[in-house]
Amino acid sequence: MPIPFDILAPETRGITLKVTKGGYTLTLAANRTFEGPILIKFRPTDKNLNISLSVTIGKNAKATIVEEWPSDVRPATINYDVRIAANEKSDLRWITIQNVAKTSIMAEKRKTTIGNKAEVNIYSFDFGAKRLESHCEQSIGAEAECNLTSVARTQGTQHFDIICDESFTGKSGRGEIRCKGVAQDTSHLKFGGLLTIEKTAGGTQAYLKQETLNLSSKAKVSATPALNIKTNDVKAGHGASIRNLSPEELFYLASRGINEKMGKKMLTEAFLKEVLNELADLPDVQKRVTSFL
Amino acid sequence: MKPSRKNPSPGVFSGLNRKTFDHHDSTGYMKKFGKGHSEELVRVISEDKGEPKWMLDLRLRAYRHFFKAPLPSFGPDLSKLDLDGICYFAKAADKKGGFKSWEAVPKEIKNTFERLGIPEAERKILAGVGAQYESEVIYHKIEKEWARQGVIFLDMDVALQKHPDLVKKYFMKVVPITDHKFMALHGAMWSGGTFLYIPKGVKVEKPLQAYFRMNARSMGQFEHTLIIIDDGAKGHYIEGCSAPKYGSSALHAGCVEIYVGKNAKLRYSSVENWSKDTYNLNTKRAILSKNAVIEWVGGNMGSGVTMLYPASILKGDNAKADHLGIAFANAGQIQDTGSKVFHIGKNTSSRVIMKSLSKGGGQSVYRGDLRIAKTATNAISQVECDALILDPKSSSETIPNIESANDTATINHEARVGRLNEEDVFYLMSRGIPQEEAEAMIVNGFINPIVRELPLEYAVEMNRLIQMEMENKVA
């Protein structure tokens with residue numbers, strides 16, 4: 001079976017892709033800074049996909065990986081299992097732009113292990129698939145940091161179930177999970193999440209936030225932000241909000257001559273695009289995500 | 001000196017101590033009562049109370065369902081709860097409907113309630129009081145003034161005899177016997193409890209209290225509380241409970257059903273202090289009509305395992321629910337508490353404020369369920385959970401579930417977990433306050449938003465109970 005994705009990078013030195021019995025292994029060499037984003041772009045296909053990908057970021061390495069699932073990936077089912085190991089003191093930015101055909105059923109499992117003193121920032125943008133079940137788990141070592149931002153929009157009859165969990169095992173870890181979603185039409189959007197701080201993880205600071213805009217009387221949304229704190233030397237919290245667009249904001253825009261339809265569009269885009277400001281050095285990613293909004 | 005929050009009345013609950021709760025009276029009467037459950041026992045309980053046939057039928061249906069229903073699939077491990085080792089029905093004083101006055105109550109039982117401050121509270125601050133000892137109510141009384149206005153405040157067994165139609169209409173309708181395994185068991189074994197009816201437009205300004213006391217080893221208490229607040233009426237019901245510690249499992253599976261009519265208001269306060277070997281698997285639920293208000297104010301200090309999630313069903317338009325609670329999980333305790341709110345009517349609103357403390361390896365859990373139905377236009381809900389973990393051995397969990405099927409709803413949930421802020425303690429110490437006192441002040445400040453909602457005497461009781469739990473940490 002051909003490799004279902006292409007890897008495009010400004011510089012390929014230090015990047016190794018191997019095909020193994022169990023799937024694919026991508027290794028980024030230690031002690032290197034990889035300039036420019038490394039793109040994993042999935043190829044167009046109608047055939048069902050069962051992909052297992054293992055990604056290792058070497059010690060002290062620094063890289064940005066952009067994973068793109070375009071709309072011409074249109075199999076009936078996609079099972080995607082990705083394991084990421086960010087070794088000690090590495091610095092990884094992982095961006096997923098998922099816009100597979102709205103006829104596909106996608107199950108994604110992403111497990112990330114963050115080594116001591118490493119930093120990982122994950123951005124996940126989900127727009128495609130008829131049904132999406134996404135489970136992201138991060139395990140964070142001592143003095144390491146992991147921030148996860150999940151942005152999702154559901155339209156038509158789409159049904160998304162997105163779970164983002166983080167567990168802290170080493171001392172003085174840092175982390176934030178941020179979920180932002182918009183539900184329209186008759187879609188379902190569900191955010192789940194669990195922050196676990198183990199007994200061994202004194203000095204941890206962690207936060208989990210789920211914000212959802214419910215824009216349709218026929219849509220269903222839910223939020224389950226959970227905490228499991230097993231020691232006292234922590235600062236942890238979570239927040240969740242479910243609301244519609246603020247009538248005051250719409251009124252403000254209307255008073256400036258912007259009609260309600262345009263006002264709603266602007267406010268919804270602003271709500272979702274807020275996180276794109278953090279990717280200012282990746283204009284192609286910003287452009288791509290904006291095009292789906 | 002006039003009592004105030006700073007200088008409360010010295011009487012009533014300010015003198016409570018561990019001995020008060022751990023003291024147990026002689027249990028000679030238990031020779032007559034066996035352990036374990038059976039259909040025969042269900043029939044014996046019903047016959048002993050002289051119940052109508054419909055109630056026996058309900059009990060038998062519930063008992064059959066008990067075998068079919070599984071244990072809860074969430075929460076603490078209940079596998080060590082030996083249901084065959086529990087005594088489901090026992091009477092210390094065989095007096096149907098209770099005694100007419102405290103003087104007539106057998107001395108030993110009366111002394112127990114005296115130590116708990118109940119008769120004194122009745123004299124000073126309450127409109128009525130009920131006292132249950134093991135499976136039956138031994139005393140129940142309401143001030144004449146309120147009885148004259150049509151307020152019915154009775155032992156549940158007596159209410160079934162005197163007002164069978166009213167009881168039949170409401171009994172186990174908000175909480176059906178099929179709700180979960182322990183409600184099926186409750187439906188089969190229930191005994192005692194309180195029936196409160198406040199007629200249309202009557203506003204009972206003083207609180208009414210019921211106190212539930214288990215005395216013997218391995219007791220099970222299954223009191224049923226049914227509260228009906230008719231249209232435009234208002235009331236405040238307070239529930240207290242305790243049991244001595246024996247080192248063998250006891251079970252409390254009570255049920256509280258509340259109906260709040262149009263424009264009516266009820267405040268339901270409870271201070272729960274069962275012994276640390278009690279499984280407190282209690283179910284409380286209220287259904288609200290148009291413009292109705294319910295306020296739940298609760299403190300869970302006792303029990304080894306607690307699973308308690310008061311629920312409000314906001315059926316009528318503009319109905320409102322407040323859930324305010326404190327849970328203290330000390331060594332060996334699991335306080336799995338929370339709240340459930342179901343928004344059905346238009347413009348309904350809810351507010352949940354929960355504070356938990358964990359110490360000595362205790363586990364506190366907030367479990368919430370908030371649902372907004374399609375019909376609940378403009379529903380608003382605000383949930384705040386704060387947890388303090390007082391040492392590295394203890395833990396805290398927050399598990400809320402929020403679901404909305406209405407695009408006009410506004411829901412906010414916030415939770416924070418942490419320890420006592422060292423900078424705050426240091427600040428107070430730098431002003432000459434000893435460390436333990438400084439820590440106690442911060443803990444008091446933490447729980448104050450809930451405690452201040454209680455009547456003065458009960459706020460004192462709550463503070464005293466928290467203080468007892470904090471002993472050896474902060475006095």
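**Charged side chains of chain B**

Mentor: B:R371 is partly exposed, its relative accessible area being 35% (buried is under 20%, exposed over 50%, partly exposed in between, with a 1.4 Å probe and protein chains only; areas are by the Shrake-Rupley method). This is a predicted model, in which local features need pLDDT of at least 70 and side-chain atom pairs pLDDT 80 or more, while totals for chains, interfaces and linings use all residues. Residues are numbered from 1 along each chain as written, chains are lettered from A and ligands numbered from 1 in written order, and side-chain values use heavy atoms, without hydrogens and water.

The partner of B:R371 is B:D369, and their side chains form a salt bridge at 2.9 Å, N to O (a Lys or Arg side-chain nitrogen within 4 Å of an Asp or Glu carboxyl oxygen). B:D369 has a relative accessibility of 15% and so counts as buried. Elsewhere in chain B, shared partners connect B:K265, B:R267, B:E295 and B:E453 into one network of salt bridges. Over all chains, the whole structure has 35 salt bridges.

Another of these joins B:R59 to B:E51, with N and O 2.7 Å apart. Here both B:R59 and B:E51 are buried.

The salt bridge of B:D179 with B:R285 also has its closest N and O atoms 2.7 Å apart. B:D179 sits in the loop between α8 and α9 (181-189) of chain B and B:R285 in strand β13 (residues 283-288) of chain B, so this pair ties together parts 106 residues apart in sequence (helices, H or I of at least four residues, and strands, E of at least two, are DSSP runs numbered from the N terminus). B:D179 is partly exposed, at 30% relative accessible area, whereas B:R285, at 13% relative accessibility, counts as buried.

Now the patch. B:R61, B:R64, B:K68, B:K168 and B:K173 make up a positive surface patch (residues with over 30% relative accessible area and no salt bridge, like charges joined within 9 Å; Lys and Arg count as positive, placed at NZ and CZ). Helix α3 (residues 53-68) of chain B contributes the most to this positive patch, with three residues. B:K168 belongs to helix α8 (residues 164-170) of chain B. With 42% relative accessibility, B:K168 counts as partly exposed.

How values were computed:
Patches are made of residues with over 30% relative accessible area and no salt bridge: like charges are joined within 9 Å, nonpolar side chains (Val, Leu, Ile, Met, Phe, Trp, Tyr) within 5 Å. Accessible areas come from the Shrake-Rupley method with a 1.4 Å probe; for residues, only the protein chains shown count as cover.
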